[in-house]
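These are my notebook entries on one protein chain. I set down what I looked up, entry by entry.

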Amino acid sequence: MPVEITWWGHATCTVEDSGTRVLTDPLFARRLAHLRRRRGAPPPTEASVADVALVSHLHADHLHVPSLARLAPGTRLLLPRGASRQVPGLRRLAHLRLTEVAPGDETHVGDLVIRTVTARHDGRRLPFGPHRSPALGFVIEGTARTYFAGDTGLFESMADEVGPIDVALLPVGGWGPYLGPGHLDAGRAAQALARLMPRSAVPVHYGTYWPIGLEAVRPHEFHAPGHEFARLATTHAPGVTVHRLGHGERVRPEVTR
């Protein structure tokens, strides 16, 4: 069966490959602190069904304990090394199988190998967490090699560390009017695409959450990143097919192995 990717919003995706379901950065909330989900209904119950869930870093919009609590008993959960010390709420997730990982680690789940790779991002639990847990990306290797970048900035060794891939799930925006360092906007994501050169790409991490009361502040940063990334990709990486999904939509990217 070919790889199938569903985007549920923000950085939350389901990657189905080789009979195994992988869920990335589960976030099912209508509201998170000062953020409100402004586009797309919260993911349905089926979105919480996975064999393994990946958490890229400790920010609350990527490691959301109430969303993780919805995962079925026995679900494998891969977390940045040190997460359990930094996020006490993880202790409530006794029904999950927690494994802490760092760049260079490989984890076997079903017929998949999940490689943990570097991300360039401040991955600590904000606002007070010490910087002791790395931000991560993951390469899911099965029928396809699918790179989930998590949150990251552009860095020189990205292509070498990630390696050959077929599909890239790249962040292209954020949840507020301005992106700080350690992020990809549409332009930098297109540059990353040119370095990685997968066959296909899916833009994520945009157009879902926005701060309450700031709807009129730089609204193009909410609406435009997916379109802008697809436009820029035609210049920076014309051989890559960009699949710009709506919330809950899925795609089976072409893979040649």
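**Entry 1: Trp 8 and its surroundings**

I began with a side-chain pair: Trp 8 and Thr 14 are joined by a polar contact of 2.9 Å between their side chains. I note at once that the model is a predicted one. Trp 8 belongs to strand S1, which covers residues 4-9.

Is Trp 8 buried or exposed? Its relative accessible area is 6%; because the cut-off for buried is under 20%, Trp 8 counts as buried. I then listed its contacts, leaving aside neighbours within four places in sequence; among them are Cys 13, Thr 14, Leu 23, Arg 37, Pro 43 and Pro 44. The list also includes His 247, Gly 248 and Arg 250. I also looked up Gly 40, which is 32 residues from Trp 8 in sequence and 8.1 Å from it in space, C-alpha to C-alpha.

**Entry 2: The chain as a whole**

I counted six helices and 17 strands in the secondary structure of the protein chain. The radius of gyration is 17 Å, close to the 18 Å that the globule rule gives for 257 residues, so the chain is as compact as a globular protein of that length. Along the principal axes, the C-alpha atoms fill a box of roughly 45 × 45 × 35 Å. Of the 257 residues, 56% are buried. For contacts between residues at least 6 apart in sequence, I found that 67% join residues at least 24 apart.

**Entry 3**

I next examined strand S7 (residues 76-80), where five of five residues are buried. S7 pairs with strand S6 (residues 52-54) in the parallel sense, over three bridges; Arg 76 in S7 is the bridge partner of Val 52. S7 also pairs with strand S8 (residues 97-101) in the parallel sense, here over five bridges. In that pairing, Leu 79 stands opposite Glu 100.

**Entry 4: The open sheet**

In what order do the seven strands of the open sheet run? I read the order as S9-S10-S11-S12-S13-S14-S16, with mixed pairing. Strand S9 (106-109) and strand S16 (241-242) are at the edges; each has a single partner strand, so one side of each is without a neighbour in the sheet. Helix H4 (residues 186-196) packs on this sheet and touches S12, S13, strand S14 (200-204) and S16. The direction of H4 makes about 155° with that of S13.

Within the sheet, strand S12 (residues 145-148) and strand S13 (residues 167-171) run parallel and are joined by three bridges. Thr 146 stands opposite Val 167 in S13.

I also checked Thr 116, which is placed in strand S10 (residues 112-118). Thr 116 counts as buried, at 3% relative accessibility. Beyond its neighbours within four places in sequence, Thr 116 is in contact with residues including Val 101, Pro 103, Asp 105, Leu 136 and Phe 138.

**Entry 5: Nonpolar cores**

Which residues have the most contacts inside the largest nonpolar core? They are Tyr 147 and Phe 229, in a core of 50 residues. H4 gives the most to this core, with six residues. Neighbours within four places aside, the contacts of Phe 229 include Leu 170, Ala 189, Leu 193, Pro 203 and Val 242. I recorded a second, separate core of 19 residues, with Leu 58, Val 65, Leu 71 and Leu 93 among them.

Definitions and conventions:
Residues are numbered from 1 along each chain as its sequence is written. This is a predicted model: local features need pLDDT of at least 70, side-chain atom pairs count only at pLDDT 80 or more; totals for chains, interfaces and linings use all residues. Side-chain values use heavy atoms; hydrogens and water are left out. Two strands pair if DSSP finds at least two bridges between them. Helices (H or I, at least four residues) and strands (E, at least two) are DSSP runs, numbered from the N terminus. Contact means heavy atoms within 4.5 Å. Axes are lines fitted to C-alpha atoms, for helices over the stretch in contact, and angles run from 0 to 180 degrees between N-to-C directions. Buried means under 20% relative accessible area, exposed over 50%, partly exposed in between (1.4 Å probe, protein chains only). A polar contact is a pair of N or O atoms within 3.5 Å; within protein, one must be able to donate a hydrogen and the other to accept it, and residues adjacent in sequence count only if both atoms are side-chain atoms. A nonpolar core is a set of buried Ala, Val, Leu, Ile, Met, Phe, Trp, Tyr and Cys residues joined through side-chain atoms within 4.5 Å. The radius of gyration is taken over C-alpha atoms; the globule rule is 2.2 Å times the number of residues to the power 0.38.
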